[in-house]
Amino acid sequence: MAKFRILSLDGGGIRGVLSARLLKEVETIVQETTGQKLHEYFDLVAGTSTGSILAAGIACQKSADEIIDLYKDEGENIFLKGIRGQRGWRWLGRLIGANALYPHDDGRGRGLANVLKGILTNPDTDKPATIADREIKKQIQLLILAYDVQSRNTTWFANDEDPVEWEYEKKTELWKICTASASAPTFFPPYQIYKPYKKKEVPYIDGGVADNNPALAAVSHAFSMTTTGDRNRPSNLEEIAVLSIGTGQTNHPYTYNEIKGWGLAKWATKIPDIFLDPDAQNTEYTCRRIFLGVADKNYLRLDFDLNTDKEGNRYNEYVFKKKNVRKEISEEIDDPNVCEDLIEAADCYLDEGTVRYGYKDADSGDKAQAKIKVKDAIKEFIKLHKD
């Protein structure tokens with residue numbers, strides 16, 4: 001049906017490993033159904049923050065397993081244990097922990113930038129990939145969001161054309177763009193990228209402060225792209241299909257008595273927990289409403305609550321359904337020790353979860369959305385929108 005397929009990937013720090021596990025299932029079904037790889041099936045992949053790393057990895061033709069291994073093997077080199085310990089101290093953390101940021105480069109080969117530099121390489125040359133590499137551009141279109149705090153606007157790093165001279169240079173490496181997009185405030189310092197029209201480097205922070213779920217940005221970008229490589233640019237919404245993948249939702253309830261005494265420092269620590277999820281959920285709701293009015297099976301969202309509160313317990317409902325174990329999943333975005341738990345939760349969601357996809361009975365005019373098994377929804381989406 002749809003001629004232009006979009007993959008959208010949310011931000012969420014180390015929880016990107018959950019997205020990567022869901023991507024592995026998508027990758028398997030794509031290969032079984034079409035014989036293609038992810039970068040061949042999707043026409044445009046968009047990512048914010050940790051989603052930018054996933055998106056760039058796909059553009060560099062990394063498999064889902066390789067991306068999962070990135071989080072499992074390199075998580076400790078991004079979220080350094082010593083820094084994480086300082087941030088976790090209670091009374092002393094109030095004095096020095098607030099200034100304990102994870103480095104981009106710790107001088108010993110560790111840090112976010114160092115890790116990404118060694119991974120995001122051109123598949124043909126094995127050199128650091130750039131935003132405008134022809135080898136990548138021919139295969140897939142790429143969109144990454146990061147926030148320019150000097151100009152106070154969001155930069156859309158894209159490879160549909162040579163970047164305009166005043167915005168950013170076409171030789172800008174993907175690892176730099178992803179470092180900028182993933183530099184979450186209170187976790188990382190800002191990251192600088194050279195802007196020719198300013199003739200200097202400007203500071204960037206996490207794209208999630210503007211758009212943690214880039215699905216809507218990706219749809220609007222698809223309509224306005226100047227070139228699409230070997231792909232057909234869409235002319236209307238019916239020609240677009242969007243698969244949107246989250247990093248797990250946090251839903252810890254806060255009472256008035258609990259938050260009324262929070263000061264500036266306490267609110268700052270809750271920025272990712274409270275302020276990023278609403279943006280992603282609003283985008284999800286908007287996309288769903290838009291596509292339901294035009295093409296109800298052209299939009300599929302994969303995401304789930306990390307924990308639920310029932311009977312005085314807090315646990316992941318999908319792990320409970322599959323294994324009969326009440327297990328709480330850590331909602332932290334900077335603890336690499338939780339990777340296996342996040343992968344387990346994603347596994348159980350794939351086996352036990354349901355998603356809203358299409359109408360129950362479109363022919364009869366029934367506007368109630370159907371709920372079907374996650375794997376069945378993925379299979380139907382991939383099959384429906386294959387070439």
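**Entry 1: H3 against H8**

I started with a helix pair and found that Ser52, Ile53 and Ala56 in H3 meet Leu174, Cys178 and Ser181 in H8. Contact here means heavy atoms within 4.5 Å. The residues of this contact divide into 4 nonpolar, 2 polar and no charged. For those classes, Ala, Val, Leu, Ile, Met, Phe, Trp, Tyr, Cys and Pro count as nonpolar, Asp, Glu, Lys and Arg as charged, and the others, Gly among them, as polar.

A note on what I am reading: this is a predicted model, in which local features need pLDDT of at least 70 and side-chain atom pairs count only at pLDDT 80 or more, while totals for chains, interfaces and linings use all residues. Residues are numbered from 1 along each chain as its sequence is written, and side-chain values use heavy atoms, with hydrogens and water left out.

Next I looked up the geometry: the axes of H3 (residues 50-59) and H8 (residues 174-181) come within 8 Å and cross at roughly 160°. That makes H3 roughly antiparallel to H8 (angles over 145 degrees count as such, on a scale from 0 to 180 between N-to-C directions, with axes fitted to C-alpha atoms over the stretch in contact). Helices and strands are DSSP runs, H or I of at least four residues and E of at least two, numbered from the N terminus.

**Entry 2: H1 against H15**

I then turned to H1 (residues 16-34) and H15 (residues 339-352), which pack at an angle of about 40° with their axes 8 Å apart. Val17, Leu18, Arg21, Leu22 and Glu25 in H1 meet residues of H15, including Leu342, Ile343 and Asp347. The contact of H1 with H15 has 9 nonpolar, no polar and 3 charged residues.

**Entry 3: strand E6**

How many of the residues of E6 are buried? I get 5 of 7 for this strand, residues 200-206, where buried means under 20% relative accessible area with a 1.4 Å probe, protein chains only.

E6 pairs with E5 (residues 191-195) in the antiparallel sense over 5 bridges; pairing asks for at least two DSSP bridges. Tyr191 has Tyr204 in E6 as its bridge partner. E5 and E6 form a hairpin with 4 residues between them, and Lys199 in the turn has a positive phi of about 60°.

I also checked E3 (residues 141-148), which pairs with E6 in the antiparallel sense over 3 bridges. Ala146 stands opposite Asp206 in E6.

Definitions and conventions: Buried means under 20% relative accessible area, exposed over 50%, partly exposed in between (1.4 Å probe, protein chains only). Angles under 35 degrees count as roughly parallel, over 145 as roughly antiparallel, 65 to 115 as roughly perpendicular and the rest as oblique.
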